[in-house]
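The stops below go from one selection to the next.

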Amino acid sequence: MEKSVWLHDSDFNKLTARPGINPTGLSSKEAYSRLKTYGENELRAKNRLQVFIGLFIKQFSNLLILVLIFASVLSFLLGQNVDALVILFLVIISGVFGFMQEYKAENSIEKIRKYLSNRCRVLRDGSWIELNSQFLVPGDIVQLRSGDRVSADIRLFEAQGLTVNESIITGESLPVEKGKSHSSNLQDQSSQRNVVYAGSTIFSGSGKGVVVATGSRTFFGRSQEKFVRDVSESDFEKQIKVFGGFIFKVIAIMTLAIFLMNSILGKNVFGSFLFAIALAIGVTPEMLPAIITVSLSRGALKMSEKKVIVKRLSAVENLGNMDTLCMDKTGTLTEGRFSLIGLVDIQGKVSHRKLLKEALICTTRFAIGSDQLTYDPHDSAIWVYAKGKSKKILSDVKFINENTFDYQRRRMSVCYKEDGKHFLVTKGSVQSILSCCSRVNLGKRSTKMTKSYINKIVDISDRYDLEGYRVLGLAKKRLLKANSSKEDESKMEFLGFLLFKDPVKESAREIINRFESLGVGLKIISGDSLAICTSVARQVGLDFSEDEVITGEELSRLDESNFSAACREKKVFARVFPEQKYAIVRSLNYEGHIVGFLGDGINDVGALKEADVGISVDSGSDITKDVSDIVLLQKDLNVLSVGIEMGRKTFANIMKYILNTISANYGNMFTVAVSSLFIRFIPLLPSQILLNNFVSDIPLFAVATDNVDSDMLKKPRGWNINYIMKFMISYGFVSSFFDLMLIVPMIFFLNTPPQVFRTAWFVESSISEILVTFVIRTRLPFYKSRPSSFLVALSMASIIFVIFMPFLGWRLFQFESLSSIIWLLIFGDLVLYFLITEFAKRKFFSEMEKIN
């Protein structure tokens, strides 16, 4: 059924005259027929077996993983079973872990389904019955009462003081007034006042209406199903794919080139093939999954000590590289509680004593006399503001009767007795209070309400509105009778204003400055009003202009191109709905940003899943915590800033491994390609290549514990394949140059036998790759940056192991002892290599800074 055509009807008779609507409710037969047509009132579930298989296959479809699997197969063919098993083990562990994380997140749809499942009162066959909401169908007439969770989109035709908590839809914390009249903007269904939406909760009052959409056709269902099923890859996943493709190309081109070169030069074809295959395995960063897992795990452990819980390891790296953080203001920049901030008269003077007493009296809590019930947020805030002084303030006051709030009057009033006299005090919207006032209180005197006073009161109210306050007016008069009614709300005296707000955290401005210093741009995305959002943004020091603010309604009118531009340029988004939050994050992802989203409500699920880093808080809903990558045990952005630094340290250490390994391996392959022109034997045996790869990788396990220079934490770095490629070529050539400085003398001057040659090059190649780690690990001179003790210890142990290898005489690897002249050559080569690499590093980074 098309619900937009029903929005104009403002009474029951017109609405029930619509086709398919029966004023006495649907018959059981008709309801069953519609149930078959529209389906049960629940979100559609995925085929769990298909989800299971699809997610599992996805873990092993990454090109880098495929390269590693290929390397393990080749290792088996070469008889290197241990190496092959190690690679396969690392791949399988990485895949299973990723699968477990994603499968758990996919189950969020099952938890969302419960929000459309409960019992409700439905008119069937002319009688009101209790029915499982699963069997609701379009056209059913439903009764709504305080506390009910709405299970379908319902068009109201009757409402008495009906307010609805729509935070699940909009994120707005205060209840929303509902009635029979529709919004003037029929295109924006989410803002309709005469429709209550599935997933929301009746806060107060009662109403009746007709079901216009069920299950996946509801406003809530459409957005949530789209959110949990249509999610982009995170930046980490994208970059790993790109890096895998890059590695594959390097391996394929270099391996093929070396095989062809050795074959053309007349070397044994089969031996050349085995050698090329061994080089392919050698250049493959088979330890990368393990290094990433160890680094990310260590980062996650460190973050947990700071009360940042990591649920998905890849989020550690994404968090460090995040350049944009989207968040609601509530509870992050503000205290997260609706509070009475002040009480002022029309002269702008603070008037605590007098106004607080009348404000306390004019509350439902005072009328009922109990603090055990849930009250209107304004009433609760007033009592919290009193801080236990209410008994003393109200000790001589006796409650008489209450005239409850309704949306026609937009105010409430209470009659009370004090000192033998009866009074009536009323509280409500400023315009509503003005309409029943004939006088105004000026402190020590009262005077007649004039047009100038009315204008002054409206101006003051408007000014506070623009500052983000929720403003209520307060008025009072003496009664000449013992009780009151709504009709007595006239000829009253205007007393002043009650100013409510969710106060900004004292640390908020410092937090904003901290994020700016970390190079992270902030965007406020909230369901609250434009005035409240901009007020909070100004108070916390967010630097923005009026052109950088936009509302959800304005966003909805933009085409795709302008929408993307708005997401990129705007900093404050007000009155936005869940699908818009999702669309904003998705657009920023397409723009190339690494996006974090901080949310704690079900209305944030889509944006949390779409973000590179979904961040929830421990006090958030179970669903948001399930789909989030990171959970904060404290809703404090200071904690998150610590997490960002931890993420950057982790990313920096992962890059150390990648840069070291790929440049060294490329250098080795280039050396082999050049030396093949004048060496008539295979430079290294396949077993020696694999051992070299293994020995040089061992110290790099400790890179996860390494210290990181402070300049690496100042801004997000991100994956840069072009940078990696330039680094690989530059350092690879330096590595090859010094390899050849050792090879040329041994071949042309010392006439070194093949086995001795291989032993010498193995020693030089292995030690050089370990030593150069201490140059590459920092942009500073190596002696100004202190490595971790664990990295130093493992490196020294590996170097000692390599030095002793020639003396062990292992036949498996065919090593030979080396003469003193060759040891001297190796030593001199390593010292020069280390120093020249240090010089080349400074030149390389200097050139890169000029480019950037």
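In which hand, left or right, does helix 26 pass helix 29? To find out, select residues 637-675 for helix 26 and residues 754-771 for helix 29. The crossing of helix 26 past helix 29 is right-handed. Bear in mind throughout that this is a predicted model.

**Stop 1: the two helices**

Two packed helices are described by the angle between their axes and the distance between the axes. Here the axes of helix 26 and helix 29 come within 10 Å and cross at roughly 155°. Because an angle over 145 degrees counts as roughly antiparallel, helix 26 is roughly antiparallel to helix 29.

Now show the side chains where they meet. On helix 26, pick Asn 660, Thr 661, Ala 664, Asn 665, Asn 668, Thr 671 and Val 672. Their partners on helix 29 are Trp 761, Ser 765 and Glu 769. Sorted by class, this contact of helix 26 with helix 29 has 3 nonpolar, 6 polar and 1 charged residues.

**Stop 2: Thr 650**

Stay on helix 26 and select Thr 650, which is found in that helix. Is Thr 650 buried or exposed? Its relative accessibility is 5%, so Thr 650 counts as buried; the cut-off for buried is under 20%. Leaving aside residues up to four places away in sequence, Thr 650 touches Ser 295, Leu 296, Gly 299 and Val 316.

**Stop 3: helix 11**

Next select residues 288-305, which form helix 11. At 1.5 Å a residue, its 18 residues should span 26 Å, and its end C-alpha atoms are 26 Å apart, which agrees. Buried residues of helix 11 include Ser 295, Leu 296 and Gly 299, and these three are among the residues that Thr 650 touches. Other buried residues of helix 11 include Leu 288, Pro 289, Ile 291 and Met 303. Just past the end of helix 11, look at Lys 307, where phi is positive at about 70°.

**Stop 4: helix 20**

Move to residues 530-539, helix 20, and colour its buried residues: Ile 532, Cys 533, Thr 534, Ser 535, Val 536 and Ala 537. What covers them? The cover includes helix 18 (451-466), strand 17 (492-501) and strand 18 (521-525), as well as strand 19 (549-551) and strand 20 (572-574). Just after helix 20, Gly 541 has a positive phi of about 85°.

**Last stop: the whole protein**

Zoom out. The protein has 32 helices and 23 strands, and 57% of its 852 residues are buried. Among contacts between residues at least 6 apart in sequence, 74% join residues at least 24 apart.

Definitions and conventions. Residues are numbered from 1 along each chain as its sequence is written. This is a predicted model: local features need pLDDT of at least 70, side-chain atom pairs count only at pLDDT 80 or more; totals for chains, interfaces and linings use all residues. Side-chain values use heavy atoms; hydrogens and water are left out. Axes are lines fitted to C-alpha atoms, for helices over the stretch in contact, and angles run from 0 to 180 degrees between N-to-C directions. Helices (H or I, at least four residues) and strands (E, at least two) are DSSP runs, numbered from the N terminus. Angles under 35 degrees count as roughly parallel, over 145 as roughly antiparallel, 65 to 115 as roughly perpendicular and the rest as oblique. A crossing is left-handed if the near helix is turned anticlockwise from the far one by less than a right angle, and right-handed if clockwise. Contact means heavy atoms within 4.5 Å. Ala, Val, Leu, Ile, Met, Phe, Trp, Tyr, Cys and Pro count as nonpolar, Asp, Glu, Lys and Arg as charged, and the others, Gly among them, as polar. Buried means under 20% relative accessible area, exposed over 50%, partly exposed in between (1.4 Å probe, protein chains only). The expected span of a helix is 1.5 Å times one less than its number of residues.
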